[in-house]
Amino acid sequence: MTTKLLHIDSAITGNASISRELTQRIVGHYASAEPGIEIQYLDLAAQTPSHLSADSLGFRLAPDSPQLSDAQRRENELTETLLQQFLDADIVVVGAPMYNFTIPSQLKAWIDRLAQAGRTFKYTENGAVGLAGGKRVIVASSRGGAYSTSEQGRALEHQESYLQTIFGFFGITDVQFVRAEGVNLGEEAKQGAMNEALGTITELTALAA
């Protein structure tokens with residue numbers, strides 16, 4: 001069966017983006033290891049889903065509900081496309097730069113479309129249970145400063161911690177991070193961070209193979 005990979009970028013900095021370079025490298029490794037792999041690409045900076053609103057919450061009503069407006073039906077179609085694309089993927093590679101201590105709002109808007117009771121999770125008498133397990137998520141994380149090496153830095157970080165939480169809530173237990181941090185702390189720090197990140201990519205994709 002053909003492996004399906006969903007490649008997502010969210011950085012707004014184009015060719016200057018570290019996270020975009022890292023996701024391209026990760027996907028390239030998978031493509032080389034498995035020539036027949038099916039890859040879909042989603043650039044959330046160029047194709048940003050609208051943030052949650054009364055219209056985009058239309059998915060909480062039945063698709064054939066007479067209460068749905070034309071705008072809600074259009075939003076439902078987009079939501080269903082994004083959700084099914086995510087559910088169909090065996091591997092999801094996410095480019096997630098840190099913006100103001102957390103993820104870009106366009107990446108959050110995409111996640112908000114996925115978070116649907118009965119589709120990616122369900123409520124039970126014992127609490128929520130994820131329904132989207134069985135896939136692997138690799139997050140290419142880029143940060144201008146260093147946050148993983150001190151208690152204070154980790155307290156400020158709501159990027160990787162959020163993604164670990166939300167994908168775990170969806171039932172995904174295989175969530176890996178390729179991190180390049182401190183890239184704005186000088187050229188030497190940036191090069192060291194990139195070398196470490198590239199080494200992590202080689203290790204992760206070798207294990208997958």
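Does N100 count as buried or exposed, and at what relative accessibility? At 73% relative accessibility, N100 counts as exposed, where exposed means over 50% relative accessible area, buried means under 20%, and partly exposed means in between, as judged with a 1.4 Å probe on protein chains only. The model is a predicted one, in which local features need pLDDT of at least 70 and side-chain atom pairs count only at pLDDT 80 or more, while totals for chains, interfaces and linings use all residues. Residues are numbered from 1 along each chain as its sequence is written, and side-chain values use heavy atoms, with hydrogens and water left out.

N100 belongs to the loop that runs between β3 (91-97) and α3 (105-114); helices (H or I, at least four residues) and strands (E, at least two) are DSSP runs, numbered from the N terminus. Most residues other than glycine have a negative phi. N100, although not a glycine, has a positive phi of about 55°, and F101, also not a glycine, has a positive phi of about 75°. F101 lies in the loop between β3 and α3 and is partly exposed, its relative accessible area being 38%.

The loop between β3 and α3 also holds P104, which is buried, with a relative accessible area of 1%. If residues up to four places away in sequence are not counted, P104 touches S10, P97 and Y99, contact meaning heavy atoms within 4.5 Å. P104 and A45 are 59 residues apart in sequence, and from C-alpha to C-alpha they are 9.2 Å apart in space.

Two packed helices are described by the angle between their axes and the distance between the axes. For α3 and α5 the angle is about 10° and the axes are 12 Å apart; here axes are lines fitted to C-alpha atoms, for helices over the stretch in contact, and angles run from 0 to 180 degrees between N-to-C directions. The two helices α3 and α5 are therefore roughly parallel to each other, since angles under 35 degrees count as roughly parallel, over 145 as roughly antiparallel, 65 to 115 as roughly perpendicular and the rest as oblique. In this packing, L107, K108, W110 and I111 of α3 meet Y162, L163, I166 and F167 of α5, and the residues of the contact divide into seven nonpolar, no polar and one charged.

Another helix, α1 (residues 18-33), has 16 residues and reaches 23 Å from its first C-alpha to its last, close to the 22 Å expected at 1.5 Å a residue. Its buried residues are I18, S19, R20, L22, T23, I26, V27 and Y30. One of these, R20, is joined to D43 by a polar contact of 2.8 Å between their side chains; a polar contact is a pair of N or O atoms within 3.5 Å, and within protein one must be able to donate a hydrogen and the other to accept it, while residues adjacent in sequence count only if both atoms are side-chain atoms. D43 has its place in strand β2 (residues 38-43) and, at 14% relative accessibility, counts as buried.

Finally, E181 is found in strand β7 (residues 174-181), and at 14% relative accessibility E181 counts as buried. The side chain of E181 reaches the backbone nitrogen of Y147 at 2.9 Å, and a polar contact of 2.3 Å joins the side chains of E181 and S148.

Key. Nonpolar A, V, L, I, M, F, W, Y, C, P; charged D, E, K, R; others polar. Expected span 1.5 Å × (residues − 1).
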